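Please look over the sequence and the structure shown below before reading on.

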Amino acid sequence: MGSFVAARSVPQTPSTDPSKRPASTSPLDDAIDRAYDAAYNLDHDNAIQLARSAVSLAPGEARAHRSLAGILWLQMLFQRGAVTVDNYLGGVTKAQLTLPKPAPALDAEFKKELGLAMSLAEEKLRKNARDMNAKYDAGAAYALQASYTASVEGSVMSAFGPAKRAFNAHEDVLNKDPQRADAGIVVGSYRYIVAMQALPTRMFAYMAGFGGGKDKGIDLLEAANRGAEGRMEAAVALILIYSREARYADALRLLREYSAEYPRNRILVLELGSAAIRAGRLVEADATLSRGLAAFDADPRPKIPGERALWTYKRGLARLLMNRQADAFVDFGSVLEQHPVDWVRGRTHLELGKLADLAANRPGALAQYKQAKALCEASNDPICAADASRFLRRPFSFEAK
């Protein structure tokens, strides 16, 4: 469950789109809005300072501390590079286990703020067990703990306990107030995840009290995405699920919407190009990724590890699928010069092998596939390794992919 949960069990915040917000919000809500607006526009340093200001404004409010912890967690994921759909789909999911650990100061502040968020919410619940806002706050804090444990510490089993507490709390909130759509983000995400597990894991989850149901989980997330609060969190979950379910048009729709809402977030543009490739909209993918690469080069802000190489790899992939072999070859050659992360390097050699096969250079193709297989196995990317093995046995062609 771990990596998939980590991508979506983020703290609830009101939308930064004024047309989607409640009619009136508190000064704390406004402060949290500004912090998340900065975070979702990749202005991480500003986001952390704004979130710290929100804590100073309301040090006794669990959601203030939870929001700061959530933004610190987003910064950890960004610094480690675990922020793309590829990181949570297929073989690359396993490669996350080898990512570097976060900076100690960032990690310590996260744990401190999350601990305060939990203790403040639980204190309110001890005083009034029927306080649904406190129960929501507690559940959201436990969801964030589960996400951190799975995505940063790499321990799925250790994440199970807080994930169960989060599910129970938000399911109770949702049962008592079905209009509280934001509570459906955690419940819907976990329901989908449980439904997608192998039978033994599903049975264990059911016995532990988790509910399943793929369609029900998606319905809850779609309702949250239509609501006034938690829209971005629901959208992240849905983009991953739509990609997994081959609902590429739906993923493209959400990515277009949110890339317009957060225009400084270049990762959303990268994902838009990737989604267009999955949807077979290759001309759109090439144009989107070329535009994004130009914006990337003009953006002085911090980048994820190997980010430019990832942009270039994606554009090369679109061009290969369009059979623009010369352009694809240039892009893939450039990838290898740009210090790609291991899984991108492995997959680039795989694509170079395909290009060699298309050029009737079987010895060159075999050399590339052998490199790809070794690199993909070393980076724990079994899908790429399996593809390399297949093409070592049989040349690649568009007719028999």
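Asn323 has a relative accessible area of 41%, and because this value falls between the 20% and 50% cut-offs, Asn323 counts as partly exposed. The place of Asn323 is in the loop between α16, which covers residues 307-321, and α17, which covers residues 325-336. Please keep in mind throughout that the model is a predicted one, and that the values given here are computed from it.

**The chain as a whole**

- The chain contains 20 helices and 0 strands, and buried residues make up 57% of its 401 residues.

- The place of His339 is in the loop between α17 and α18, the latter covering residues 342-358.
- With a relative accessibility of 68%, which is over the 50% cut-off, His339 counts as exposed.

**Helices that pack against each other**

- Helix α2 (residues 27-40) packs with helix α4 (residues 62-80) at an angle of about 5°, and their axes are 11 Å apart.
- Since angles under 35 degrees count as roughly parallel, α2 and α4 are described as roughly parallel to each other.
- On the α2 side, Leu28, Asp29, Ile32, Ala35, Tyr36, Ala39 and Tyr40 take part in the contact, and they meet Arg63, Ala64, Ser67, Gly70, Ile71 and Leu74 of α4.
- The residues of this contact of α2 with α4 divide into 9 nonpolar, 2 polar and 2 charged.
- The axes of helix α13 (residues 248-261) and α14 come within 9 Å of each other and cross at roughly 160°.
- Because an angle over 145 degrees counts as roughly antiparallel, α13 is roughly antiparallel to α14, and the crossing of α13 and α14 is left-handed.
- The contact is made by Tyr248, Leu252, Leu255, Arg256, Tyr258 and Ser259 of α13, together with Leu268, Glu271, Leu272, Ala275, Ala276 and Arg278 of α14.
- By class, the residues of the contact of α13 with α14 are 8 nonpolar, 1 polar and 3 charged.
- The axes of α18 and helix α20 (residues 382-393) come within 10 Å and cross at roughly 25°.
- This angle makes α18 roughly parallel to α20, and the crossing of α18 and α20 is left-handed.
- In this pair, Gly346, Arg347, Leu350 and Lys354 of α18 meet Ile383, Cys384, Asp387, Ala388 and Phe391 of α20.
- The contact of α18 with α20 has 5 nonpolar, 1 polar and 3 charged residues.

**A buried arginine**

- Arg266 has its place in helix α14, which covers residues 266-278.
- The relative accessible area of Arg266 is 7%, and since this is under the 20% cut-off, Arg266 counts as buried.
- Leaving aside residues up to four places away in sequence, Arg266 touches Leu42, Phe78, Phe296, Asp299, Arg301, Pro302, Lys303, Ile304, Glu307 and Trp311.

- Val156 lies in helix α8, which covers residues 156-176, and at 39% relative accessibility Val156 counts as partly exposed.
- Val156 and Ala146 are 10 residues apart along the chain, and their C-alpha atoms are separated by 8.4 Å.
- Asp219 lies in helix α11, which covers residues 214-226, and with a relative accessible area of 49% Asp219 is partly exposed.
- Asp219 and Tyr192 are 27 residues apart along the chain, while the separation of their C-alpha atoms is 10.0 Å.

Key
Residues numbered from 1 in each chain as written. Predicted model: local features only at pLDDT ≥ 70, side-chain atom pairs only at ≥ 80, totals over all residues. Heavy atoms only, no water. Helix = DSSP H or I, 4+ residues; strand = E, 2+ residues; numbered from the N terminus. Buried < 20%, exposed > 50% of the residue type's maximum accessible area, 1.4 Å probe, protein only. Contact = heavy atoms within 4.5 Å. Axes fitted to C-alpha atoms, helices over the stretch in contact; angles between N-to-C directions. Parallel < 35°, antiparallel > 145°, perpendicular 65-115°, else oblique. Left-handed = near helix turned anticlockwise from the far one by under 90°. Nonpolar A, V, L, I, M, F, W, Y, C, P; charged D, E, K, R; others polar.
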